[in-house]
Every structure is written in structure tokens, then in C-alpha cells.
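Subject: A structure for you to look at

Hi there,

Here is the structure I promised to pass on. Have a look at it first, and then read on for what turned up.

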Amino acid sequence: MATRTGAPRPANSGTQGKICQFKLVLLGESAVGKSSLVLRFVKGQFHEYQESTIGAAFLTQTVCLQDTTVKFEIWDTAGQERYHSLAPMYYRGAQAAIVVYDITNQDTFARAKTWVKELQRQASPNIVIALAGNKADLSNKRMVEHDDAVSYAEENGLLFMETSAKTAMHVNDIFLAIAEKLPKNEAGASANRQSAGVGLTATDNREGSGKSCCGSN
Amino acid sequence: LFPLMKCSLGCMSFVTAALPHNQCGINGLPLTPNSITSLGLAQQLKTLKHENLCSYVDFRCGRHERIFAVSELYVDSVFNKITQPTELKQDDWRKYSLNIVHGVLNGLNYLNSKGYIQLNLEPKNILLNENGTPKLSGYGLHHMTDGGKLLSGPLGSLKYSSPEQILSCCYSEIPMATSSKSDVWSACIVLLELLHRELLWDSVENKSLVKRVLCLSANKSSHKNIEVLCQNFKENLSLNETDDVTKLIKVILENGLNVESSQRATPLQILNKLGKDLNLTNEQQPADTNGKFEKTVPSENTNPLMEMDSEEIWCLWNLAGGDMVAEVLRSVTTTPPIRTVPLFVTVHGDLYGLEPSPENLFNPGYKLLSLDTVESRLEVNTENISLIYPLLELKSPDVSHESAKLPLLIRENDFDYQVHRIALYRRLLLGYPYLRDKLLKEARIDIPPYCRGRVWAGLLDVKGDLEEQYINIDKDTPIVTDRQIAVDVPRCHQYDSMLCSPTAHEKLKRVLKAWLMSHPHLTYWQGLDSLCAVFVHLNFNDEPRAWASMSQFIDKYLHDFFLKDNSAIIQEYLVVFSHLLTFHDPLLSCHMQEIGFIPDLYAIPWFLTMFAHVFPLHKIFHLWDTLLLGNSSFPLCIGVAILQQLRGQLLQSDFNECILLFSDLPEIDIDGVVKKSIQVFCQSPKSSTFRVHAQKEEKCKRQTVSYYTEDYNTLPKTELSETAIPLSELKQEVCCRISADDLIQLCELKGSNNSKTPAKATKSGKPRIFIIDIRSSDEFSRGCVPGSFNFPLAPNKSIPQLVQMISKQSPKVVVVIGNKSTREDREFCFELLKEGLKGVCVLHGGIDILKPVGVLTVPSQ
């Protein structure tokens, strides 16, 4: 199940052009599939019984656009409301956020909206926010209409896609769309270095750390 | 010699219905395979113990939805009695038949009282032990297949089925039979067969069987039914005699063969009607053994199996190399694979045109599992008698087993060793809580997997009427946390075949809710589910014990971690953890701090779940076996041990690599972690892990065996003790603090003023200590800790040289003493750490704290 993902092209170490590093945070109610989206994007895998995330998990993935290599530092947060107090520590200084809801559960959509509000109020002003309606493979159990989400996203200037971590539908697309939208000038990249909250002294601007952070193999 | 084998074990296997492909449940997760559902349901059957039941000992899942159910098994059955010739005369035979059915009714009544019904009662399912006591078998099928729903065919044999059972099979709108009255009907048919010594409707086809049973429905009274049924036997039997036995037989039949189940009696009602007249039964009834074997005084001629219950025998059977699945499958007819190819397969994976192969039909046959191997290995002789029957109160001559030095995994699979350990623990647990100290002592060696759940409860000091307490907790009223629990439970340790069954999910939810309700000031944090799952797994059939063990565990190791606002507790814990790491591995600690890889980023799931979220169950078991013996600071040592195992990788990694390493924790050698953590624990001064938020008083008092077993957090506090400092200040500290009383105890100092020195300089086994006094030589000469080394701070002094000098003495603890007010010690310690000196800590409160005590002396020079 881990193979046919067409995972983003790994960054060849010899690629010319600049390398930008961005901090991205995933937010949303628990059990909507945040960790599953990340796992699909980073490793091309899917686990039906993905265990709950405690605190937060961290992963990286690199994607290539035309002339830039974008490296995502992905912070996958715990969904339980109780962990909310930790959230600012993770979204502080993030250049991008994916707010996830579950299309089969109306409550998770409402929760997503409050996350968007909180980000607009408290995160960095230029943050790129994407809304992901996950579990699109369960469309026969749909409770959140596609059009409702589209109009909400338009009103708030969010990127929007319905995704499925299980079938890999639109998973890479949403990350690529964010990568496209992020400013790739020097300011963007340098803003990143300052933003290292959470005690992140992200010292490396070295490319592809040789670890299995690229693609599925 | 006593007749050796009274029972043996047997295994029944069957295949549950396959589920449609590519469908998922309401929560979007895949449907649970029927075999897994069944496995979860079946566990409860192990708790049924009655003299007229063959008790179940284990259940397993095989491939292709196959379930294996292991239970007691006897070779003789009522079926044999019906079909084989007998020497008994007519009268005696009636008496005998009555006895059998009386036993059967007793068994059915017990089942009914526990809420179970059999629905597949037939002569082959009534086994007879050596005393001729009838023992029901196969009674669990109805429960473990959820009333037959998980099977693809009907349950039970048509001939013995009551009319309502047959109707519900024929017409789906008629609800399934759910009353033990159906079993009474079957028992009556068996009784008739017994009386006639002939099988009813032998070799009659199923279709006409249905017809014949349903024809009985026309009869309004049970008298008529008895008449009609009796005519179906070749030999006619008169029930008109007036002796006591015949009267009683008639009571059973007349109450049991009513077509309308509403008019039929329950097993209990019939038993009551038979009443006390039935003293004739006693001749063949053995004493109530309650599912156990008769006790005998141990001698060299005894068979130790007699003292064990069937579950223990089963455990040993497996250790002796038994392979149940292979043995059973050998006896199951299999179809060659080529004949199992379907005609066509839909894109969704549904199969059509498959010929029903015999192994997929429901055909519960028993496979006898021979106990010969176990028995021969258990032969008692003068050498092993003290191992098989360990004496607890006598100072026995070295009962330790030769295998005791082998690695844990080998010990756990060593037959002889486990026989000894299980026998020992059986006795210790019988003597609990009186023998708790002995239990603790043995647990330091190892804990047999067979009794881990009970031993853990003992180590955690669980006692009292748990059942009563548990029942009284409201676990049903909906609470706000329900949704969170409902989404977390179905993804918690789901690789485990027991925990992924719906029954397990229900249990987990109930135990979690019970814990929440019984601790109203605490709340559910994600991660609590992982913690709870460990206890539910080990105490699957004992929710009260799971709940009580978990409560005790959290009180001790996770005190206040689950408060609504737990940040102060967790923050303190993590700072103390970094300090402990610095104490044991200054270079690693410096590196991690340098790259900003702080414990907040990786260690919260570790400590919040005591590693239950990061390791699979089999590793947690071994880790907690040791954790439970340590005090509330022990988990910190485990954390240090894990980091040290990954030391090489961590030292070479930058921030991103470190965090990637931990987001997908590499294979950790748990045995290594356990050993290392004990070492870490033994080399840490106990006050170095002082926490303000720890549990203040230890509920479970125990003998303090050595310096280390004392939990500093629960000791009485004096003016020399560690005191709380604000979190912000604690974070500023670069290394551990050691308290004055701890220092005094470690140096075995005796002050002049005894009332203020809590030290009893008697306890052995303490770490070697080196004391550096960094005050000026002037101050030093006016009074210092005996044996301390003066190193006045000056810019030109070489720290590396000092470190070299200290290292030569290889002390385990290096205490830095300075002045309380100036806090130059911080800077100084940091220098020592950078040089990689291990064991550095600062005297809490500086030299001033020791002044009133009178331990300071003037240096001799």
C-alpha cells in the first residue's frame, strides 16, 4: 500500500536553484487524519489504525518546483482540545498551516473554522493556510458539503482541497499548492531562520540530509 | 499409584464467516474480522468454572478466520453410553440416566446464572470424566459466535434443537432463541435417548428432521410429546412405573418437553422440583472440585499436575514445545488449493462460484492434545521436589534454579524454570498481601508471563474488595470525554489480536471511564488510552483489577500528570529529566542543548504514558516489570537509558535529524534499557530527582532494603531537605542538586547535634563521592565538610587539570559546594560539564545549610 503514491520528486543534491525551508503546522480535531496526511506525504504510507499523536510529531519532506527546492518542516500536532495550550508553540513562526477536518463529521468542520480564526488572529500575518477535507474516500458518509467548504475557503482566502490519506488523493497536491503559494524570495527564506520558535535553532540549510525524508523509498 | 491423568486438554476449531470485502464500519475503519470479534467475546468463557463444565483455557486465531478453542476434554461421552452395550440392569440404568441428566441440568443452571446458554447440547457434547460426572463441552460456541451470528451456518444439531430454535432458523423474522429453556428441551431429548439406549431418528435427513420437530408443535401438552417421541424408538419403554426414579424422570420430561417455551421450565425450576429427593445421585458424584484437581499431600509419588488448574497445565503444555495449531490443522481435512479457486472475482474482491469446502463448514470436532510430554517432564524426584513445591517460610537450601542466570527471554521459555517460578508465585499470591515483601523480592529476579497481571497488582499494592468498588462506579452515564475516548480506543495498540476486538474496545472504554469517574479531579489526556490498554490486556477478564492497578500506577508514577492543567508538573518533570541526563552523560546533554533538542519536543509522550505509547506491548511488559520495582523517580532513569542507547546517533545528528530519529523511534533493545536504567538509578543520589509535584506519601509501605529503595519524594522533610524552588529558577540550574541530608547520609557524616541529622550511617552500597569546595581558602579553613577538596575559584586555574585529577578517583558523585548567595557554583559546574565530567551536582543551599548541623570541621592542614 505504500507504493503507488507518485510522491513528490526528491530533491537531487545537485539541483541548481535555491532551497527554501518552511515551517508547516497541521491543526484540527483529533482523528481527522492529520498524522495520516503527513505519513502519506512523507513516506507514502497509510495505516488504518494510526495511533493518536501526543504532544506533537515532527517530519520533513522536500519537494521540487520549477527552479526551487522547498523543504517542509512539518509539525503534526495532537488533536485533543486539551493539548490546545501547546498549539501556539507549534504554529508560532510557521509560514504555512494545513487545517484538517473530516468530511464525515460536521463538528470537525466547525472546529477547523475556529482554528482558522485563531491562526488569522495570532499566527504570523503572512501565513499560508490550507483547508483539507480529509477522508474523501468515505464520500458516501459525507456530512460536510463540498460547496460549503469551498465558499468558506474563498471567503477566508484559504487554499482548499478534499483529500484522502487512504487513497492518496490530493495529498501531494495540497502540499505542492502551498509550496507554490509561499514566497520564495530571500525574505521568505530568511524569515524562516528567525522564526525558529520552540527552541528550534534550525541550523541547517544543507540540502537533503541523506535521511529517508524524501519519497517513499 | 494414583491414577495419573484425570483430564486432558482438547482443542476445537471452527471457521467464522468471512466478511464482505472493501466495506468499512461507521467510523471509517475497516470491519473487524469475525474471528477477531469472536476471540474477544470468547475470553470471558475462561472465567466459567463448574464441576459439570469442561472449562475453557485458551483461544487463538488462525489464518482464514479460523478459531481455536482449547478446553478440558474427556474421552468418554454420553454418546458412547447410548450406543455401547452396558451391564447395568434396567432399574440401575434409569438411575444412571437420571444422574447424568441431573448433572447436565446443574451445568445448564450454572451457565444460565452467569447469563450464558448452550444451544448445542447433544450426547457428544456431554463428556464423562473418570468418575462418570457429566461435563458439558462446547457450551461456549453460542457466546463466542455472538449467538451464531459470526458463523456462516446454524449452530447445533437439528435433532436436539427445540422447536423455537428451528423456527428461528427457518424464518428470519422470528428472533433467535435466547433462553436456557431451549437447552432444557435438548436435555430431555438426550434423556429419552439415554433411557432407550438408542439414538432418536438416526440417519434421518435434515429436511425431515425439521418436519418431525415442527410436527410436535401440534401437540399441546408435554405428555403427548413424550408419547409421540417414545414411539419413535424401536424399543418401547414404559414410563408408567411408580418407583421414585421413574417419577423423577417424568418430572423432568413433563416440564421440559413443552412446545411453548413459555410453559417449559428453566433448569433451575426443574432442579427445584427434583429437590432433595435426589439423594440417590450422590454415589457417583465426586466431591466438589470446582474445576480443579483433587488436592493431595505432595510426596514423590504425586503428580504435580493434580495441583494445577487447567490454565496452568495449558501454559506448561505450550512451554513443553506443544504446537496446538499444527496439531489441529493436521486433523482438519483440507481442500487442495487448486480446488479453492473461485469462478470469478469482482473488482471489490468478492468471490463467486466457490465450492463449499469441508473445512469451511461448521464441524466442531475435538483434537485431543496429549499431556504425556508435560507429565514426563514433571516427574517428581528428590532433586526437583523443592522446586515444584517451594517452601516459603523455611530458609530453604538455595532453591534458585540453574537457569536463573540465562537471559530473560530464554528463562521465559524454559519449561523447568517456569514450572518452578509459577509454583512459587502461585503460593506467594495465595499469601498476598501478607507475603508482599517476598513477592517484591522474587519480582526482582523475574515475573512469569503466566501470572503477570496478578503479580503486578501485588507489586502495586492493589487490595480490598475491588469488585464492589468497581461495580459502584457509574460507567454508563455519558460524559463529554466520550467522543475523545471513542476515537482513541479503536486505534490503540491495534496490532494486538486481543485488543482489537470489539469486546476489548468496550472493556477499555469502561475501565477508562471508571478511572475518570473515580478520580474526578483528573481528566482524560490522549495517551491515557495506551496506558490503560496495558492493564486491560493483562487483566482481560478482570476489569476491577485492571482499574485498580491502573489507579495505583498513576498515583505513584504519574501523580497529577492528568490534571486539567498539568503544565507545571510536566515542565518540572522534564527539567529534572534534563538534569539527570546531565548528571550521567554531560557530553550528550550539552550537545542536545546546543542544537535545541529539548525534552519538551520528544519526551512528553514517553513520560505521560510511561512509554506505553512508544513501545509495543511485549516490550512494555519487560520494561514495567522493572519499573514497578523502582520508586517514582525510576521512569527518569529509563529515559536516560534510552537516550544513552541512541547516544552515538544523537551525537552525530543535528536538530532535524534528531527529531526525525525520535518521531519514528528506532528499534530499542529493551533488555539493554532495563539494565542501563537500573545502573543509572543506582548511581543517582536520591535527592537529585526531587520533584515538588511528586506523590508526597507512599501508600504502599515496604521494607527499605537499601539506600536506593527509598523514595526521596516520600521521605519526611527536615530543614536539611531539598526544598521547592520556582520553576523558572529550576530551569536556570545547569545540573542536579543534592540535598544536605542526602549528602550527610552519603558521606556517613555524624554531626554533634544528633537531632538534626537524619542520617543513619548504616546502609550499605552507596556511590563513591568527591566533594569540591569552591569557596576561598580562607573560608574553607574556617570549616568545611570532612574530606572535601578546596578549589578556590580563580581565573587562572585550569579546570581540565582538575577534571583529570577527579577522574582518576572515578567517583560516582561529584558534589560542588559554594556559597548560597553568590551562586558561582553554576558557572563552575558548567565548566566541569563541558569537560565531560560525570556525576556533577550542586549542594542545595550551599555551605550555609550545613553550618547549624555541626558536621563541618576545620581542615587538618
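Predicted model: local features only at pLDDT ≥ 70, side-chain atom pairs only at ≥ 80, totals over all residues.

Accessible areas here come from the Shrake-Rupley method with a 1.4 Å probe.

**Chain B overall**

Chain B has 861 residues, of which 57% count as buried. Its secondary structure comes to 36 helices and 14 strands. If you take the contacts in chain B between residues at least 6 apart in sequence, 75% of them join residues at least 24 apart.

**Helix H21 and its surroundings**

I would start with helix H21 of chain B, which covers residues 502–518. Its 17 residues reach 24 Å from the first C-alpha to the last, close to the 24 Å expected at 1.5 Å a residue. The buried residues of H21(B) include B:Leu508, B:Val511, B:Leu512, B:Trp515 and B:Leu516. What do the buried residues of H21(B) pack against? Their partners in chain B are helix H1 (34–42), H19, helix H20 (482–488), helix H22 (528–538) and helix H23 (543–557).

The loop between H20 and H21 of chain B holds B:Leu499. This leucine counts as buried because its relative accessibility is 2%, under the 20% cut-off. B:Leu499 and B:Gly40 are 459 residues apart in sequence, yet their C-alpha atoms are 7.8 Å apart in space. Beyond its neighbours within four places in sequence, B:Leu499 is in contact with B:Ala504 and B:His505, and its other contacts include B:Ala533, B:Val536, B:His537 and B:Leu617.

B:Gln43 is another residue worth a look, in the loop between H1 and strand S2 (56–61) of chain B. Is B:Gln43 buried or exposed? At 1% relative accessibility, B:Gln43 counts as buried. Its side chain reaches the backbone oxygen of B:Leu39 at 3.0 Å. Leaving aside neighbours within four places in sequence, B:Gln43 is in contact with B:Phe59, B:Met498, B:Phe540 and B:Asn541.

**Salt bridges**

Side chains of opposite charge can pair when their charged atoms come close. The count over all chains comes to 33 salt bridges.

- B:Asp461 and B:Arg436 form a salt bridge whose closest N and O atoms are 3.5 Å apart. B:Asp461 lies in the loop between helix H18 (452–459) and helix H19 (466–471) of chain B, and B:Arg436 in helix H17 (residues 436–443), so the pair ties together parts that are 25 residues apart in sequence. Both B:Asp461 and B:Arg436 are buried.
- B:Asp625 and B:Arg452 form a salt bridge with the closest N and O atoms 2.9 Å apart. Because B:Asp625 lies in helix H27 (residues 617–627) of chain B and B:Arg452 in helix H18, this pair ties together parts that are 173 residues apart in sequence. B:Asp625 and B:Arg452 are both buried.
- B:Glu733 and B:Arg826 meet through their side chains in a salt bridge at 3.4 Å, N to O. B:Glu733 lies in the loop between helix H32 (727–732) and strand S10 (736–738) of chain B, and B:Arg826 in helix H36 (residues 824–834), so parts 93 residues apart in sequence are tied together. B:Glu733 is buried, with a relative accessible area of 5%.

There is also a network: salt bridges that share partners join B:Arg411, B:Arg421, B:Glu442 and B:Asp446.

**On the surface, and one more buried residue**

B:Leu343, B:Phe344 and B:Tyr352 make a nonpolar surface patch of about 370 Å². Of these, B:Leu343 is found in the loop between helix H12 (324–331) and strand S7 (344–345) of chain B. B:Leu343 counts as exposed because its relative accessibility is 70%.

By contrast, B:Gln165 in helix H5 (residues 163–170) of chain B is buried, with a relative accessible area of 8%. Leaving aside its neighbours within four places in sequence, B:Gln165 is in contact with B:Leu119, B:Ala177 and B:Ser182.

Enjoy looking around in it!

Best wishes

Terms used: Residues numbered from 1 in each chain as written. Chains lettered and ligands numbered in written order. Heavy atoms only, no water. Patch = residues over 30% accessible without salt bridge, like charges linked within 9 Å, V, L, I, M, F, W, Y side chains within 5 Å. Salt bridge = Lys/Arg side-chain N within 4 Å of Asp/Glu carboxyl O. Helix = DSSP H or I, 4+ residues; strand = E, 2+ residues; numbered from the N terminus. Buried < 20%, exposed > 50% of the residue type's maximum accessible area, 1.4 Å probe, protein only. Expected span 1.5 Å × (residues − 1). Contact = heavy atoms within 4.5 Å. Polar contact = N/O pair within 3.5 Å; in protein donor to acceptor, adjacent residues only side chain to side chain.
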